[in-house]
Each structure stands twice: as structure tokens, then as C-alpha cells.
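At each stop you will hear what to select and what to look for.

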Amino acid sequence: MLLNQLIKELITKMGDDELIIGHRNSEWTGLGPIMEEDIAFSSMAQDKIGHSWALYRILHEELGGEDPDQFAFMRSEKEFKCCHLTEMPIGSYDFSLMRHFLFDHAETVRYNSMLQSSFLPLQQLARKVRGELKYHTLHADAWIIQLCRAGEESYLKMQTALDNCFQLACGIFEAGPDDKLLADEKVYPGEEALYGQWIENIYPVLVKASLNVPERKEPVYGGRYGKHTAYLQPLLNEMGEVFRLNPEATW
Amino acid sequence: MDSTITIQAVYTSLEQVMDPEIPVLNVLELGMITDVIIEDEYLLIKMIPTFAACPAVEVIKTNIRTTLEKDLQVPVKVSVDKEVQWNSNRLTAVAKEKLRNFGIAPPQKHDGDVEIDMMIHTNCPHCGSENTYLRSPFGSTLCRAIHFCKHCGMMFEQFKPLS
């Protein structure tokens, strides 16, 4: 596969992850367990969707891709490259919080690895997103530690959430068609390198929270190649419902 | 294009373009303008959003264009400058003072990285006390955090530091 095509694949999966988890985060609007959490998940949703927009714009402006709105709302399920972790329904707050913790640390590692990317638009975006993501991981770390120290029931819920999320989160790092070429060309170091750094970053927080870190036994793959859970299609239907009423409309 | 237009006149005009979410600050005080270029056919303004997902960017771009076109009677183009990334140290001292008077605590100066410790004792914009705590790093807009002042009992917002 040509380098440009690989970069397209990389940006598409990043953008799709952000769009879908952004949509999921937005489902907490009005439902957060306390007002601050309602606002936090809503703000993070806005950030994520903004980042996906920026990524789709790179595809559009630099790599001959479609208009970002068309790309976000008109593609079929198979054309989406998000990982299964992002597709899962919000479930209860402990699940959403743990997903947010694991996902945002993974994103931080990903964007940090792109600060020196040979593909300039990604490098520029990484510089922009990095500072914003800091607030997402600060938020996640604070709540994970606090809830794990809030009594047995709370601790057990967090451990269960980690057990339920972990193999899904390992699926974030499903190898692309040719990560080695992307690494050799210094676009980014490839999924396996990101996985290693991710474990290194989340480990101290999980230890502080006294959580047991599962092993990577059965990482949930497939999303990067267009195979999805039954949860994605209904989400896409809902997300694009208004847009598809009149795709030519100006907003 | 009218060659009598000066860079100074452009900046004077830009002072009138206020941020829609923080109406006491103009785009210069926020550090959003990165370049002003007088081209043959038009005036080019390069700007940067505070947050990537800031929903006000398009409104601000339109406001810059219409204000300058009205004031200076020349065609104006506004583009987002991708080479420069906004960070909160770009806020001018005047901007920080105006924010405080508006009831929003200004961001602390940072040296390239924001740590949570920096935000723990943010001065209350109402009574000035340091006896405050961070309630949430997210607030009513992407650029704000929520704090509580134990001294005067008021909840307040902060324009949060961003690296």
C-alpha cells in the first residue's frame, strides 16, 4: 500500500474513534450523576467531535478526501474504522468513566508520538490537541483514584469496569496494514509501540487506585478493518438522521 | 488595493472585534491574531482559535471580515493559521485584568506544561482569596474551569491555562 493511502487509513481511524466516542460522551448530557460530570462529559464530547472534524479536514484538504460533513454522516458502517471500545453503549457511569480513562490515555500517547511526525498536518494538529487532552486525562485520573478509594462497593465496580473495558481498549492498538512503513517514514511509531507506552502511562494511576491490571489476552480487533459490533449501526442512524434529511443543506 | 491602508489602522480596527463568549475581550487581547498581510488584491488576516473545537471560530472569522471591510473599505480574507497553536500565555496582561473584572479568574502563566497543582489555589475574582478549590476542569465553555471560593462562598469560573 502506498504511503499516502496508509496515512489516510491512519487519520480515518483516529477521526472515527473521536467522532464515535464523542457521540457516546454526548449521551451523558442531561444524565450525569452530578452536574459537574454532566458538564465534563458534554465538554469532552465537544472536544472529541472538534478533533474528528480537524482530522477529517486534513483528509479533505491534504489528501483529496470528501467534505468533512459528508464523510462523517454519509458513510456506510463498513467504511468506519473506529475500534469497538468507542462503539459500546454508555452503560453505567463506571463503564463510561473507565472507557474515558483508557481511551484518553491512548489518545495522549498517540498525539504525543506525532509531535515530531514527518506528516506536517498531523504534527501541527498534535501540537494543538495535546494541551486540551491534558484536561481529559486529569479528569479521568482524579475520578478513577477517588472512586477506587470510596469504599468496597465503589472499588469493586471500578475493578469490574476495568475488566470489562480492558480487552476492548487493547483493540485500540490493532495493527494497521503496514505500520512498519509508517514508522520507517516517521509518520508515527506504529500501534505496538503506542500500546507499550500506553501501558507504561496507565499503570501508575491504576496502581495508585489499587486496581489489578488484566493481561492482554484477547484484544478485541476488527474495527480497523470495518467489522463492527451491533451497536455501531444504530448510533450512525441516529447521528446522521438530521443531516441525511437534506445532505445539500447549508447549516 | 488602496495603498494608504496601514498595518496600524488594521490593528486599531481589530480592537473592535470582541469574543462572542467573553464579550469584554477583543481578538488581539486574546492573542488570536497571528499575522496581518496587505496583499495586492485584499487584506489577509491570520488567526488561531483558542480550542480546536471552539464553536465560535466561524462567527469570529466573519466578525473580523465584516468589521475590517466596513472600517477600511477593502476586501478581507481571514484564514486559520496552522503553524501557530494558541496557548493561554498569549493573553495580554490587560486581558487578564479585564477577565478578573468580568468575574472570570485569568489563567496562571505556565512554562509549556499545565499541571493540576497550578490550578488548586486559583485566586477568587470576587474577593481575591486563595482559599479556593477546583470543582471541575470543565465549565460552561471549553475554555473554562469551575472553582469554589471557601472564603466568600461563591462559585466562580476560570479561563483555564492551556499549553
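Some terms to settle here: helices (H or I, at least four residues) and strands (E, at least two) are DSSP runs, numbered from the N terminus. Two residues are in contact if their C-beta atoms, placed from the backbone, lie within 7 Å. Axes are lines fitted to C-alpha atoms, for helices over the stretch in contact, and angles run from 0 to 180 degrees between N-to-C directions.

You are looking at a predicted model, in which local features need pLDDT of at least 70, side-chain atom pairs count only at pLDDT 80 or more, and totals for chains, interfaces and linings use all residues. Residues are numbered from 1 along each chain as its sequence is written, while chains are lettered from A and ligands numbered from 1 in the order in which they are written.

**Second stop: the three-stranded sheet**

Which order do the strands take in this open sheet of chain B? The order is 1-2-3, with mixed pairing. Strand 1 (33-38) and strand 3 are the edge strands, each pairing on one side only. Two strands pair if DSSP finds at least two bridges between them. On average, neighbouring strands of this sheet are turned by 15° against each other, direction ignored.

Strands of a sheet pair through backbone hydrogen bonds, either parallel or antiparallel. Select residues 43-47 and 76-80 of chain B: these are strands 2 and 3, parallel to each other over five bridges. Leu43(B) faces Val76(B) in strand 3. Next, show strands 1 and 2 of chain B, which run antiparallel and are joined by five bridges. Click on Ile33(B) and find its bridge partner, Met47(B), in strand 2.

Strand 4 runs parallel to strand 7 (residues 155-159) of chain B, joined by two bridges. Look for Ala105(B), opposite Gln158(B) in strand 7.

Zoom out to see the three helices and seven strands of chain B. Colour residues 7-80 as domain 1 and 104-159 as domain 2; these bounds come from an automatic or database domain assignment. Their C-alpha centres lie 28 Å apart. The C-alpha trace of chain B spans about 60 × 25 × 25 Å along its principal axes.

**Last stop: where the chains meet**

How many residues does each chain give to the contact? Chain B gives 18 residues and chain A gives 20 residues. On the side of chain B that touches chain A, ten are nonpolar, five polar and three charged. Ala, Val, Leu, Ile, Met, Phe, Trp, Tyr, Cys and Pro count as nonpolar, Asp, Glu, Lys and Arg as charged, and the others, Gly among them, as polar.
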